[in-house]
Amino acid sequence: MTLSWTHLTSDGAARLGRVHTAHGDVETPVFMPVGTAGTVRAMTADAVRSTGARLILGNTFHLMLRPGADRVEQLGGLHRMMDWPGPILTDSGGFQVFSLAALRTLDGDGVTFRSPHDGSPHRLTPESSVGIQRQLDATITMAFDECTPFPATWDEAGKSMELSMRWAARCRAAFVPRPGYGLFGINQGSVFADLRARSAEALAAIGFEGYAIGGLAVGEGQDKMFEVLEGVVPRLPADRPRYLMGVGTPDDLLGAVARGVDMFDCVIPTRAGRTARAYTSAGVFNLRNARFAGQDRPLDEACPCPLCARHSRAYLHHLFRCEEMLGPMLLTWHNLQYYQDLMAGIRAAIATGRLDAHAAAVRARWSQGDTQ
Ligand SMILES: [Zn+2]
């Protein structure tokens, strides 16, 4: 039996569920920390686990270039290589090939590109992307799609979406079903409701273990993103998990869960952690700000992470000022803890049918700010 999802309960459009995988179960809605190159940057695998994270993301594009899919396979797959026995979702390489690779050439069959590291030639097709993700031992394989540029005209977005749908069918044919493993299709169509609807129909006809929504959080703004979700989410098969790719801020997560999204990934908490930006129950702070220099109290009283449990804001400010690597390590840990606790709070609220009130309280606390 392939990867499956149990719908436990709903609160409005928000859903509480459980994904069953070969590498364990995961409660949804879930946030996946991003482990780009076989590591969640600045974190040990134990530290990632301690935050409550149960599902992480790996990047096909980065891993196929360094250390190479053959090498990861030789080292026992991504789970063993990075000491993460839990489930791993890998992206298809599509997004990075369109945003990072030099000299890329798109044809109907796939994409040829040069490595940004050494200029060596590489090629990704729907078949090779699925094959590489199998070598990585991805629990969840993502379909290889074209990343539609934003903004795009209706014609451009339509052509791009139709190409991605043809590729989605080829990914389905290339994917070898294994117990507890799954393949997710990706809905495209930019900000155009009719294209999103056609894409949803095409994906459902092919059939996937889960359905992702791609091509959002690319500059369209939160209002537009929520409008697209309201149009497309009800068109995705109700008995499968829905994954909003590359999203987002804590406020994006609250809003997207309320619109029926079950899974998220984003670099925000880890990237912000390396640049002194702290996500807390009282909003976002920049720890480089001089006002923190003398504050001998935890960053976030409500947080159980080692930074908040053992160190002061003043110490963290000092670490960033001195560019000590412990600063990014501790703040990445804290930000991931904040995101996991946010999702745990959301799940508890859905379970008791009070997501709206919970979201309003969380937002009120953010806007109240740092009152001490
Ligand atoms: Zn903390």
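Strand 2 and strand 3 (residues 24-28) run antiparallel and are joined by five bridges. The two strands form a hairpin with two residues between them. In this predicted model, strand 2 (residues 14-21) also pairs with strand 1 (residues 4-11), again in the antiparallel sense, over seven bridges.

- Strand 2 is mostly covered, six of its eight residues being buried.
- Val-19 of strand 2 stands opposite Trp-5, and its bridge partner in strand 3 is Val-26.
- The hairpin of strand 1 and strand 2 has two residues between the strands, and Gly-12 takes a positive phi near 65 degrees in this hairpin.

- Nine strands form an open sheet with parallel pairing, in the order 4-15-14-13-12-11-7-6-5.
- Strand 4 (30-32) and strand 5 (34-35) are the edge strands, and each pairs on one side only.
- Within this order, strand 7 (residues 88-91) runs parallel to strand 11 and is joined to that strand by two bridges.
- Thr-90 has Thr-141 of strand 11 opposite it.
- Helix 6 (residues 126-136) packs on the sheet, where it touches both strand 7 and strand 11.
- The direction of helix 6 makes about 155 degrees with that of strand 11.

- Strand 9 (residues 111-114) pairs with strand 10 over four bridges in the antiparallel sense.
- Thr-112 stands opposite Arg-123, a residue of strand 10.

**Nonpolar cores**

- The largest nonpolar core has 79 residues, of which Leu-229, Leu-244 and Phe-264 touch the most other members.
- Helix 14 (residues 326-351) gives the most to this core, contributing eight residues.
- Another core, of 18 residues, lies apart from the largest one and includes Val-26, Met-32, Phe-184 and Ile-186.
- When neighbours within four places in sequence are left aside, the contacts of Phe-264 include Val-30, Phe-31 and Met-32.
- Phe-264 is also in contact with Tyr-243, Leu-244, Val-247, Leu-253, Ala-256, Val-257 and Met-343, under that sequence exclusion.

- Thr-148 is placed in the loop between strand 11 (140-142) and helix 7 (154-174).
- The relative accessible area of Thr-148 is 9%; because this is under 20%, the residue counts as buried.
- The side chain of Thr-148 makes a polar contact of 2.7 Å with the side chain of Ser-160.
- Not counting residues up to four places away in sequence, Thr-148 touches Ala-157, Ser-160 and Gln-188.

Technical notes
Residues numbered from 1 in each chain as written. Predicted model: local features only at pLDDT ≥ 70, side-chain atom pairs only at ≥ 80, totals over all residues. Heavy atoms only, no water. Core = buried A, V, L, I, M, F, W, Y, C linked by side-chain atoms within 4.5 Å. Buried < 20%, exposed > 50% of the residue type's maximum accessible area, 1.4 Å probe, protein only. Contact = heavy atoms within 4.5 Å. Polar contact = N/O pair within 3.5 Å; in protein donor to acceptor, adjacent residues only side chain to side chain. Pairing = 2+ DSSP bridges. Axes fitted to C-alpha atoms, helices over the stretch in contact; angles between N-to-C directions.
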